[in-house]
Number of protein chains: 2
Amino acid sequence: MLSQQIAVDRVFHALGDPTRRAIVEKLSHGPISVSVLAKPLDITLAAVVQHLQILEESGLVHTEKTGRVRTCQIEPKGFALVEKWINDRRALWERRFDRLGALLSEPEQK
Amino acid sequence: MLSQQIAVDRVFHALGDPTRRAIVEKLSHGPISVSVLAKPLDITLAAVVQHLQILEESGLVHTEKTGRVRTCQIEPKGFALVEKWINDRRALWERRFDRLGALLSEPEQK
């Protein structure tokens with residue numbers, strides 16, 4: 001349960017940064033190498049590597065080194081975590097609305 | 001299109017903070033006043049108000065003042081935005097996997 005909390009914290013922290021979301025948007029079109037990824041982002045290669053590390057640790061991106069090239073691709077696991085967190089919250093507030101609706105539709109006591 | 005981008009930036013920034021996610025978790029159980037919300041969070045009322053303002057601007061929370069009490073509740077709009085952003089990205093990467101799958105299942109040319 002605690003590790004689930006840490007995983008949720010990590011993934012929201014990762015997606016809270018606009019550069020990391022730009023990396024996710026780029027990788028959604030298909031896997032690319034770190035250097036190709038870095039080019040249009042207008043930040044240093046070291047900064048991109050750091051962002052990728054955070055994305056990888058949170059389960060949003062997977063990177064793999066083949067020879068001298070490190071390729072990055074989307075890892076669906078982290079996104080599923082965000083959706084689960086929202087769905088769990090929504091289940092709570094919708095249950096409340098349902099109870100409220102049931103209460104309001106009850107026939108008046110005379 | 002630009003305003004959609006700003007809205008997405010806002011909502012991910014808002015959810016990137018652990019205290020703001022704690023506020024969302026609390027409000028998922030039902031509306032409460034700002035002072036009741038602040039009590040277990042172990043931060044000043046002023047800090048809570050600031051967090052609520054960010055949550056309200058990003059469409060995740062709605063607050064309303066009645067007399068001297070400001071009540072906060074979940075606003076589903078912001079959550080729908082996060083889900084849409086993930087679904088749009090997923091549509092891209094799944095389309096790619098489908099194309100790859102189709103390519104791999106094609107009969108070999110002789």
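## A tour of the two chains

Begin with both chains displayed: a rotation of 180 degrees with 0.0 Å of shift along its axis places chain B on chain A with an RMSD of 0.0 Å, where copies are superposed by least squares on the C-alpha atoms of residues with pLDDT of at least 70 in both. That is the relation of a two-fold axis. To find the axis from chain B, select G16(B), whose C-alpha is the nearest to it in that chain, at 2.3 Å. The copies meet through the same surface, because 100% of the interface residues of chain B are also interface residues in chain A.

This is a predicted model, in which local features need pLDDT of at least 70 and side-chain atom pairs count only at pLDDT 80 or more, while totals for chains, interfaces and linings use all residues. Residues are numbered from 1 along each chain as its sequence is written, chains are lettered from A and ligands numbered from 1 in the order in which they are written, and side-chain values use heavy atoms, with hydrogens and water left out.

Select R10(A) next, in helix α1 (residues 2-15) of chain A; helices (H or I, at least four residues) and strands (E, at least two) are DSSP runs, numbered from the N terminus. R10(A) is partly exposed because its relative accessibility is 43%, with buried meaning under 20% relative accessible area, exposed over 50% and partly exposed in between (1.4 Å probe, protein chains only). Leaving aside neighbours within four places in sequence, R10(A) is in contact with E57(A) and S58(A), contact meaning heavy atoms within 4.5 Å.

Move on to S58(A), in the loop between α4 (45-57) and β2 (61-66) of chain A. S58(A) counts as buried because its relative accessible area is 8%. Its side chain reaches the backbone oxygen of I54(A) at 3.0 Å. Not counting residues up to four places away in sequence, S58(A) touches R10(A), V11(A), A14(A) and G78(A).

**Chain B, two helices**

Finally, select α2 (residues 18-27) and α4 (residues 45-57) of chain B, which pack at an angle of about 75 degrees with their axes 10 Å apart. That makes α2(B) roughly perpendicular to α4(B), a term for angles of 65 to 115 degrees. Show T19(B), R20(B), I23(B) and V24(B) in α2(B), which meet H51(B), L52(B), I54(B) and L55(B) in α4(B). The residues of this contact divide into 5 nonpolar, 2 polar and 1 charged.

Key. A polar contact is a pair of N or O atoms within 3.5 Å; within protein, one must be able to donate a hydrogen and the other to accept it, and residues adjacent in sequence count only if both atoms are side-chain atoms. Axes are lines fitted to C-alpha atoms, for helices over the stretch in contact, and angles run from 0 to 180 degrees between N-to-C directions. Angles under 35 degrees count as roughly parallel, over 145 as roughly antiparallel, 65 to 115 as roughly perpendicular and the rest as oblique. Ala, Val, Leu, Ile, Met, Phe, Trp, Tyr, Cys and Pro count as nonpolar, Asp, Glu, Lys and Arg as charged, and the others, Gly among them, as polar.
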